[in-house]
Structures are given as C-alpha cells and as structure tokens.
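Please work through each task before reading its solution.

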Amino acid sequence: MIGALERAHTLVGDAERIVVLTGAGVSAESGVPTFRGSGGLWKSRRPEELATPGAFARDPRLVWEWYASRRTFVSGCVPNDAHLALARLALTHSATTLITQNVDGLHHRAAEAVARDEDPTGAYPLEVHGAIHRDLCSSCGLRTPGRLDVDTTSAETLPRCDMCAGMLRPDVVWFGEALDPGVIGASFEAARLADVCLVVGTSAVVYPAASVPEITHQAGGTVIEINPEATPLTSMAAASLRGLAGELVPALLAETMIDRKR
Ligand code: OAD
C-alpha cells in the first residue's frame with residue numbers, strides 16, 4: 001500500500017496536465033448512496049422505472065417523486081475531504097480538469113468552499129451526467145435552477161417551464177439518452193492531453209464516461225485508481241490505491257501540493 005501511494009504521489013507530482021474522473025464513491029463518505037454494490041441505489045430500484053425517458057413519459061409524477069426526494073437529500077449533504085482536496089488541486093494547479101459522473105453538485109460546492117473570496121470556476125467539474133439541482137424543460141430545452149419544494153401530489157402540480165409551459169424534468173442524463181456533446185467532448189480532449197488520469201470512486205462500467213481513463217492510457221498517459229475494490233480499470237492502472245476516497249485523495253494530494261510549491 002505504501003508503495004502504491006508513493007508511486008501515485010510521484011506520478012501526480014511529475015504530471016503537467018491532470019484529469020480527474022469521479023463517480024459515486026467520492027460522495028459515499030458524504031452520505032450519498034452509490035448505485036452498485038451492497039446498499040447501492042440500483043439494488044432496491046430498477047433504473048428503467050425511474051431513470052429513462054420512457055419512465056418519465058409513462059409516469060412523470062413517480063419519476064419526479066424520486067428525483068425530488070434525492071434533490072432534497074443531497075442538498076443536506078456536505079462535501080467531504082476528497083471533494084475539498086480535489087477542489088484545492090484544481091484551484092492551485094490550473095492544468096487540472098475535474099470530470100464527474102455525479103449529479104449531486106458536491107464538487108461545485110467544494111469549489112465554492114475552498115475558493116472563498118476567489119473565483120471558484122476553475123474548480124467546477126465537467127458534469128457529464130448532468131446536475132440534479134437543475135431543471136431542464138422537456139419542450140424548449142431551457143435550463144433553470146431547480147426548486148426544492150417540488151409538488152408531486154399529481155401530474156398537474158409538477159413544475160412547468162416559465163418560458164413555454166412545457167413539463168420540467170431534472171437536468172440529469174437518463175439511460176438511453178445521449179450525453180451533452182460539448183461536455184463529453186471537452187472531457188475526452190482533457191483525457192487525451194493528460195499525463196495522469198486520477199480515477200476516484202467509480203465502478204467504471206458506464207460508458208462513455210468510463211472511456212476517459214482509457215483515452216489517457218491509450219494516449220500514453222498514466223492511470224491512478226482510488227477505490228476500495230478492483231474495477232475493470234485496475235489492470236491498466238499504474239497505481240491502485242485501495243481504500244476510502246476521503247482518506248486517500250487528501251493523502252495523495254496534500255503531499256503533491258507541497259511538492260508543487262517548492
Ligand atoms: P457505482 O455505484 O457504479 O460505483 C461506485 C464505486 O465507488 C464502486 O466501485 C465502489 O467500490 C466505490 N466506492 C464506494 N465507496 C467508496 C469510497 N468511500 N471511496 C472510494 N470509492 C468508493 O457508481 P458510478 O461508477 O459513479 O449514471 O456509476 C456510474 C453511473 O451509473 C452513474 O453516474 C449513474 C449510474 O447509473 C447515470 O445516472 C446516468
């Protein structure tokens with residue numbers, strides 16, 4: 001373990017360009033459940049009943065009920081030491097790109113917490129699967145901040161677009177939907193140029209997001225993984241750190257940032 005952490009530390013310290021891909025595991029210590037594994041959301045819920053365009057067309061009230069409760073839940077969670085360390089890295093090392101599959105907004109909030117009076121935008125992540133705290137109009141495509149008090153009593157009480165009165169939906173990518181081409185394109189470009197891709201807390205089974213470390217690897221860069229369990233990426237990782245993101249990300253990056261200041 002010491003060996004892997006030292007190796008990872010050297011790789012990150014030597015890297016000019018860093019890309020970070022996070023998944024649900026980075027927010028696990030903030031209390032947000034992951035999707036797969038024991039206690040995962042998709043163990044008790046079938047994604048096709050809640051996270052598909054077909055489900056929304058069939059029963060928008062049921063889908064909103066689920067997302068409104070998740071929106072309220074994550075609004076009560078706070079960024080953990082992994083989010084904060086990644087935000088610090090992105091703010092102090094401008095050639096860092098954060099990419100997240102998470103819709104919980106915790107990287108955003110970590111950026112704002114760490115930046116204080118400075119500009120936090122450099123530490124905002126590319127959110128390849130959208131953001132649960134935003135609404136998207138299913139008719140005109142307008143994106144607006146979402147409200148916490150969504151009334152899910154009936155289909156008639158669900159939120160409507162101020163511009164066109166179309167049905168609003170949470171601005172998250174559902175199964176069977178395409179990712180925003182600008183966001184995933186920018187992610188792939190950052191991955192191609194990166195010397196190191198740090199992958200934190202993802203099972204790395206959902207594409208195209210899981211391509212990010214593969215692209216870095218194919219372009220000659222190095223992959224570092226932080227996860228308590230092995231994943232399909234483990235075989236291509238130069239260093240696999242087995243443990244919790246909230247402990248290992250700060251352990252890796254605190255040393256790295258000290259080195260960068262020298
Ligand atoms: P998963 O639930 O598939 O995987 C979570 C990963 O985090 C697993 O590999 C765990 O071993 C790891 N993990 C758990 N606790 C951890 C901790 N404290 N520190 C570090 N790692 C930990 O979540 P994702 O890979 O993010 O898509 O799932 C990918 C996509 O599948 C999600 O974005 C979502 C889902 O369906 C959409 O909603 C479109």
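**Exercise 1.** How much space lies in the largest pocket?

*Solution.* The model is predicted, so local features need pLDDT of at least 70 and side-chain atom pairs count only at pLDDT 80 or more, while totals for chains, interfaces and linings use all residues. Residues are numbered from 1 along each chain as its sequence is written, and side-chain values use heavy atoms, with hydrogens and water left out.

Step 1. A pocket is an open set of points on a 1 Å grid over the protein atoms alone, with protein on both sides within 12 Å along at least five of seven lines; lining residues have an atom within 4 Å of a point.

Step 2. The largest pocket holds about 910 Å³ of space, a volume being the space filled by probe spheres set on the points.

Step 3. Its lining comprises 43 residues, and A24, T34, F35, R36 and S203 lie nearest the centre. By class, this lining has 23 nonpolar, 15 polar and five charged residues.

Step 4. Both domain 1 (1-32 + 79-129 + 179-262) and domain 2 (34-76 + 130-172) contribute at least three residues each to the lining of the largest pocket; the bounds come from an automatic or database domain assignment.

**Exercise 2.** Identify the residues around the ligand and its polar contacts with the backbone.

*Solution.* Step 1. The ligand takes up the space of the largest pocket, which requires more than half of its atoms to lie within 2 Å of the grid points.

Step 1. The ligand is surrounded by 23 residues, the closest being F35, R36, T202, S203 and N227; a residue counts if one of its heavy atoms lies within 4 Å. This shell consists of 10 nonpolar, 10 polar and three charged residues.

Step 2. Polar contacts are pairs of N or O atoms within 3.5 Å. For G201, a backbone N or O atom lies 3.2 Å from an oxygen atom of the ligand.

**Exercise 3.** Which residues line the largest cavity?

*Solution.* Step 1. A cavity is a set of grid points where a 1.4 Å probe fits but cannot get out. One cavity of 30 Å³ or more is present, and the largest cavity contains about 60 Å³ of space.

Step 1. Its lining is formed by A24, S27, V32, P33, F35, R70, N102, V103 and D104. These divide into five nonpolar, two polar and two charged residues.

Terms used: Polar contact = N/O pair within 3.5 Å; in protein donor to acceptor, adjacent residues only side chain to side chain. Nonpolar A, V, L, I, M, F, W, Y, C, P; charged D, E, K, R; others polar.
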